[in-house]
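Please open the model in your viewer and follow the stops below in order.

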Amino acid sequence: MFGNLSSDFGIDLGTCNTLIYIKNKGIVLDEPSVVAVERGTKKIVAVGQDAKRMLWKTPENIIAIRPMRDGVIADIESTEKMIRYFIYRVYPRYRFLKPRMVIGVPSCITEVERRAVEESAYKSGAREVLVIEESLAAAIGADIPIREPAGHMICDIGGGTTEISVISLGGMVVTRAIRIGGDEFDESIIKHIRSVHNLIIGEQMAEKLKIEIGNAFPDKTIEKLEVKGNDAITGLPRRLEIDSVEVREALKDPINSIIEEIKSVLGKTPPELAADIVDRGIVMTGGGSLLKGLDRLIVKETGVPAIIAENPKNCVALGAGKYFDYIKGNDLTKNIYDKLNG
């Protein structure tokens with residue numbers, strides 16, 4: 001009885017942000033994956049947006065950490081506390097009615113890392129946990145008809161990883177995942193500004209540059225933004241104006257790595273499915289797909305259309321939340337097939 005009353009959760013446990021989808025309610029939480037704790041006691045001080053504002057700004061007795069790195073758990077204790085806090089915020093009844101959870105993870109993680117995700121979810125109060133590949137969850141969340149006998153290609157660019165998959169008949173035919181995503185974009189901007197201008201900037205300033213004037217493809221309009229940091233030689237605060245052309249140059253290496261992986265997956269795709277992809281295009285999901293001009297660059301480099309999904313940041317959480325219904329649909333199809341074949 002209590003099982004029927006509880007809710008199904010879809011969780012995108014991302015390196016940068018955690019999103020939670022509840023069946024019949026939609027996306028109910030989108031918060032940074034950051035936890036602030038007291039040194040020594042590990043007592044929670046802040047979680048999510050409040051904790052993110054503390055990054056690199058805390059006194060000695062408090063430390064703000066990101067428990068997820070490259071799409072996997074780097075600090076299992078902090079991850080468990082973060083999930084528990086987020087769930088209690090959106091679902092106060094969870095102490096009595098344990099929810100079922102489906103969590104999207106990169107396909108490149110190890111079995112040990114996968115078990116760490118499951119363990120964190122169970123300890124945070126789940127009664128049942130399923131862990132599925134992010135690209136499969138993203139495809140379901142983007143409403144791609146993946147059960148069809150046709151090829152569908154999805155490129156999910158998250159904060160810590162990028163996963164490229166070809167899906168047909170509900171399964172992944174070819175999949176590749178690399179530990180490059182939005183964090184690597186930020187790091188490339190930080191390194192470029194330090195090496196070229198001798199200016200040290202923080203992660204939040206680099207993220208601001210990426211979001212506001214970041215781009216992957218030449219544009220007619222050149223945008224500019226003032227950044228602030230410390231001079232690498234004198235250590236004194238300094239201001240500097242950066243334009244979108246320079247940011248594009250800074251992002252070249254990680255973007256080229258993603259393009260090469262897309263080409264590699266296309267090269268390994270069976271010809272019949274590749275023909276479908278040329279017609280249907282590459283569906284792009286994840287926050288990284290919102291980088292200005294990235295879809296145009298993919299089209300130029302591969303010759304295949306690239307389409308950004310509606311609400312690309314939400315696709316993994318949406319697909320994870322709908323996964324139990326997806327399984328039921330597969331079971332129904334299997335039962336019909338079994339009856340027809342005696």
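**First stop: a strand pair and its sheet**

Select Phe9, whose bridge partner in strand 2 is Ile22. Strands (E, at least two residues) and helices (H or I, at least four) are DSSP runs, numbered from the N terminus. The model is predicted: local features need pLDDT of at least 70, side-chain atom pairs count only at pLDDT 80 or more, and totals for chains, interfaces and linings use all residues. Residues are numbered from 1 along each chain as its sequence is written, and side-chain values use heavy atoms, without hydrogens or water.

Next, display strand 1 (residues 8-13) with strand 2 (residues 17-22): they pair in the antiparallel sense over five bridges, where pairing requires at least two DSSP bridges.

**Second stop: helix 4**

Within helix 4 (residues 111-123), select Ala121. Ala121 is buried, at 0% relative accessible area (buried means under 20%, with a 1.4 Å probe and protein chains only). Beyond residues up to four places away in sequence, Ala121 touches Met101, Ile103, Ala126 and Val129 (heavy atoms within 4.5 Å).

Finally, go to strand 17 (residues 282-285) and select Thr285. Thr285 is likewise buried, at 0% relative accessibility.

Methods:
Buried means under 20% relative accessible area, exposed over 50%, partly exposed in between (1.4 Å probe, protein chains only).
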